[in-house]
Amino acid sequence: MARVPVPKRLLDALSDDPPGAVRTWLDALPETVERQLAAWELTLERVSTPGGRRGLVALVRQADGTPAALKFPVPGPDAECERAALAHWDGWGAAQLLRADPDTGALLIERLHGTVSLRSLPEAKALLEAAGTVRRLWVAPPEGHPFASITGRTEEDREVLRMLGAGGWTAEARPLTEEALELREALPAEPPEEVLLHGDFRQGKVLAGERAPWLAVGPAPLVGERAYDLARLVLDRYEDLAAGPGPAAAARRRVAKLADSLDVDRDRLRGWSLYRAVEAGLRHAAAGDRRRAELLLEFAGWL
């Protein structure tokens with residue numbers, strides 16, 4: 001059998017990791033995949049490329065010929081949270097978890113149409129379908145769950161955002177950075193609810209399926225209020241919004257429409273949307289992507 005290829009995007013993403021468990025996992029990954037294929041009697045079709053930065057996904061066939069996706073998340077707490085969330089949803093609004101191996105971290109998941117996401121639809125239709133999908137994911141978390149809270153997830157952001165917003169051209173966005181930090185302190189102080197969230201819900205994370213028209217994949221799950229999850233959807237296609245007429249008014253209409261359609265408080269959704277736009281914009285700036293950074297910070301200003 002030919003050696004299973006590890007996508008370059010994953011190799012690049014982990015290349016700077018110091019020697020340790022993740023590097024050992026990466027070096028052994030081709031052999032781990034081959035052992036898992038044999039153990040679960042799977043036939044490899046191909047490894048998905050370019051793939052993601054936090055794991056390898058291979059398209060496989062089960063012994064009875066049923067297609068599936070075999071995923072190897074980068075080991076760590078995030079991998080366990082993804083497994084736990086998929087198991088808890090049990091196919092309700094998300095891809096079905098078929099099997100899991102606690103030793104290798106492998107997940108056998110229902111295969112969806114990876115090339116057909118909600119981004120293939122016109123914006124109005126995409127937002128409608130996204131709203132219908134995400135509302136299914138917002139359920140009570142299981143007892144003894146491993147998921148972080150919104151407060152915990154954003155805890156480290158305070159000093160990171162303050163540092164990123166203090167130097168270079170992003171210093172011009174300091175008022176927005178300060179507002180985002182104030183919102184990060186105020187919003188979690190009195191959360192209106194505590195439900196299981198996808199954590200990274202956007203149109204590109206919702207794929208066409210056979211069992212259901214649209215199902216979510218790739219969660220970064222946490223527990224908290226729905227407005228935090230919905231805020232990432234508010235930012236979707238921000239480039240298109242910026243290129244259209246009246247982008248500021250269009251951004252505010254999007255907040256109002258999504259909030260009303262899912263019975264989420266408009267002000268809280270506006271606040272989390274601004275926070276997530278500033279956080280994403282400053283991180284893009286730190287990575288050297290000034291174009292995206294400027295657009296995201298401009299989007300935050302419209303709100």
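1. Strand β8 (residues 206-208) pairs with β9 in the antiparallel sense over three bridges; strands count as paired if DSSP finds at least two bridges between them. Val206 stands opposite Ala216 in β9. Helices (H or I, at least four residues) and strands (E, at least two) are DSSP runs, numbered from the N terminus.

2. The model is predicted: local features need pLDDT of at least 70, side-chain atom pairs count only at pLDDT 80 or more, and totals for chains, interfaces and linings use all residues. Residues are numbered from 1 along each chain as its sequence is written, and side-chain values use heavy atoms, with hydrogens and water left out.

3. The open sheet consists of three strands in the order β6-β8-β9, with antiparallel pairing. Because β6 (113-117) and β9 (214-216) stand at the edges with a single partner strand each, one side of each has no neighbour in the sheet. Neighbouring strands are turned by 55° against each other on average, direction ignored.

4. Helix α7 (residues 174-186) packs against helix α11 (residues 266-286) at about 125°, their axes 9 Å apart. Axes are lines fitted to C-alpha atoms, for helices over the stretch in contact, and angles run from 0 to 180 degrees between N-to-C directions.

5. In contact (heavy atoms within 4.5 Å) are, among others, Leu176 and Leu183 of α7 and Leu274 and Val278 of α11.
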